[in-house]
Amino acid sequence: MESAIFFPEGIPGFEELKEFSLNIEEDTFLARLEATANREIAFFLVRSQLFFPDYLPKVDLSPRETEILEIGTSDQVDVWNIITVHANDLVQSTVNLRAPLILNPRTGKGVQLILNEEIHSSRQPLFPTQQDSIATKNDEEGAVD
């Protein structure tokens, strides 16, 4: 599914690019966001709530962001995060939880929020590392060193 998304203020670092094409892969949690003026500028996106269920249970938008997105009383926004894919080792891929993209599907407008909370990393590992998996498994099993 492809849709046009307009970022009135651009995306930080790419402020001159306003119009993007969002391609959501069917039956996956991934999407690709491409600048229509320069197809070489593209981002892979993920719905982070699928990996981090406690991530942004509620999105607090400022009045300015609400105005930009033209949010109405019945609108539901989509939250996407940019991922950095490590092609040689997908396990090393990270997701930017610090700066989610908020999209209003009804208006086709988007903004990138910059969250101030230190709990959100701009380079959060998308997949638990083997070391994390071992530690978690040991914690769950009540293992003693």
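1. Accessible areas here come from the Shrake-Rupley method with a 1.4 Å probe. On that basis the protein chain exposes about 9300 Å², and carbon and sulfur atoms supply 50% of this area. Please keep in mind that this is a predicted model.

2. Overall make-up. The protein chain has two helices and nine strands, which run β-β-β-β-α-β-β-β-β-β-α from the N terminus on. Of its 145 residues, 34% count as buried. When contacts between residues at least 6 apart in sequence are taken, 49% of them join residues at least 24 apart.

3. The largest nonpolar core. It has 16 residues, and those touching the most other members are Phe7, Phe20, Leu22, Leu33, Leu45 and Leu101. At least two residues of this core come from each of strand 2 (19-24), strand 3 (30-35), strand 4, strand 5 (78-84) and strand 7 (101-104). There is also a second, separate core of 15 residues, with Ile83, Val111, Leu113 and Leu126 among its members. In soluble globular proteins, nonpolar side chains tend to be buried together.

4. Leu101. Which residues does Leu101 contact, leaving aside neighbours within four places in sequence? They are Phe7, Ile11, Leu33, Leu45, Asp78, Val79, Trp80, Ile82, Val111 and Gln112. Of these, Phe7, Leu33 and Leu45 are named with Leu101 in the largest core, while Val111 is a member of the second core.

5. The hairpin of strands 7 and 8. These two strands pair in the antiparallel sense over four bridges, and Gly110 of strand 8 is the bridge partner of Leu103. Four residues lie between the strands, and Gly108 in the turn has a positive phi of about 70°. In strand 8 (residues 109-112), Lys109 and Val111 point one way and Gly110 and Gln112 the other way. In a regular strand the side chains alternate between the two faces of the sheet. Buried or exposed: which applies to these four residues? All are buried, Lys109 and Gln112 included.

6. Aromatic pairs. A search of the whole structure finds five. One of them is Phe51 with Phe52: the ring centres are 6.5 Å apart and the planes stand at 45°, so this pair is tilted. Phe52 has 19% relative accessibility and therefore counts as buried, the cut-off being under 20%. Phe51, at 25%, is partly exposed.

7. Phe51 and Phe127. Their ring centres are 6.0 Å apart and their planes at 85°, so the pair is edge-to-face. Phe51 sits in the loop between strand 4 (42-46) and helix 1 (63-69), and Phe127 in the loop between strand 9 (124-125) and helix 2 (130-141), so the pair ties together parts that are 76 residues apart in sequence. Phe127 is partly exposed, with a relative accessible area of 31%. Phe29, Phe51, Phe52 and Phe127 together form one aromatic cluster.

8. Asn23 and Arg32. Asn23 is placed in strand 2 and is buried, with a relative accessible area of 17%. Not counting residues up to four places away in sequence, Asn23 touches Met1, Glu2, Ala31, Arg32 and Glu34. Arg32 in turn lies over the face of Phe44, at 5.4 Å from the ring centre.

Conventions. Residues are numbered from 1 along each chain as its sequence is written. This is a predicted model: local features need pLDDT of at least 70, side-chain atom pairs count only at pLDDT 80 or more; totals for chains, interfaces and linings use all residues. Side-chain values use heavy atoms; hydrogens and water are left out. Rings of Phe, Tyr and Trp (its six-membered ring) pair if their centres lie within 6.5 Å; planes under 30 degrees apart count as stacked, over 60 as edge-to-face and the rest as tilted. Buried means under 20% relative accessible area, exposed over 50%, partly exposed in between (1.4 Å probe, protein chains only). A charge sits over a ring if NZ of Lys or CZ of Arg is within 6 Å of the ring centre and within 35 degrees of the ring normal. A nonpolar core is a set of buried Ala, Val, Leu, Ile, Met, Phe, Trp, Tyr and Cys residues joined through side-chain atoms within 4.5 Å. Contact means heavy atoms within 4.5 Å. Two strands pair if DSSP finds at least two bridges between them.
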